[in-house]
Amino acid sequence: MNVVVDDQYYQILHNLQAVDFVLVELTLYLDTHPKDVDAIHQFNHYANERKKIVTLFESKYGPLMQFGHSLSPDTWEWANTPWPWQV
């Protein structure tokens with residue numbers, strides 16, 4: 001299966017990277033401020049947003065991660081390129 005890389009591919013991947021950045025920053029903040037309920041709510045919000053973005057990306061372009069992090073449809077798509085880190 002050939003994966004077509006279009007503009008939406010890059011947009012969704014960019015959105016995922018932005019949300020991942022926010023989650024890393026909130027994780028670092030929460031490591032030193034573990035009782036900040038607002039930050040915890042923000043973290044949970046962005047964790048849910050990440051799930052939505054990953055679901056959208058994987059439904060259109062295939063799995064993002066291996067080792068059980070991403071489900072595979074009836075055909076094994078992990079071997080199909082390009083992988084997100086190749087673009």
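Guide: The chain has two helices and zero strands. Helices (H or I, at least four residues) and strands (E, at least two) are DSSP runs, numbered from the N terminus. This is a predicted model: local features need pLDDT of at least 70, side-chain atom pairs count only at pLDDT 80 or more, and totals for chains, interfaces and linings use all residues. Residues are numbered from 1 along each chain as its sequence is written, and side-chain values use heavy atoms, with hydrogens and water left out.

Take H1. This helix has 26 residues. From first C-alpha to last, H1 reaches 39 Å, close to the 38 Å expected at 1.5 Å a residue. That expected span is 1.5 Å times one less than the number of residues.

Now its buried side. Buried means under 20% relative accessible area, with a 1.4 Å probe and protein chains only. In H1, the buried residues are Tyr9, Ile12, Leu13, Leu16, Val19, Leu23, Leu26 and Leu30. An α-helix has 3.6 residues a turn, so residues three or four places apart point the same way.

The buried residues of H1 pack against H2. Contact means heavy atoms within 4.5 Å. Ile53 is in contact with Ile12, Asn15, Leu16 and Val19, leaving aside its neighbours within four places in sequence.

The largest nonpolar core holds eleven residues, among them Tyr9, Ile12, Ile53 and Phe57. Such a core is a set of buried Ala, Val, Leu, Ile, Met, Phe, Trp, Tyr and Cys residues joined through side-chain atoms within 4.5 Å. H1 (7-32) and H2 (37-61) each supply at least two residues of this core. H1 gives the most, with six.

How values were computed. Buried means under 20% relative accessible area, exposed over 50%, partly exposed in between (1.4 Å probe, protein chains only).
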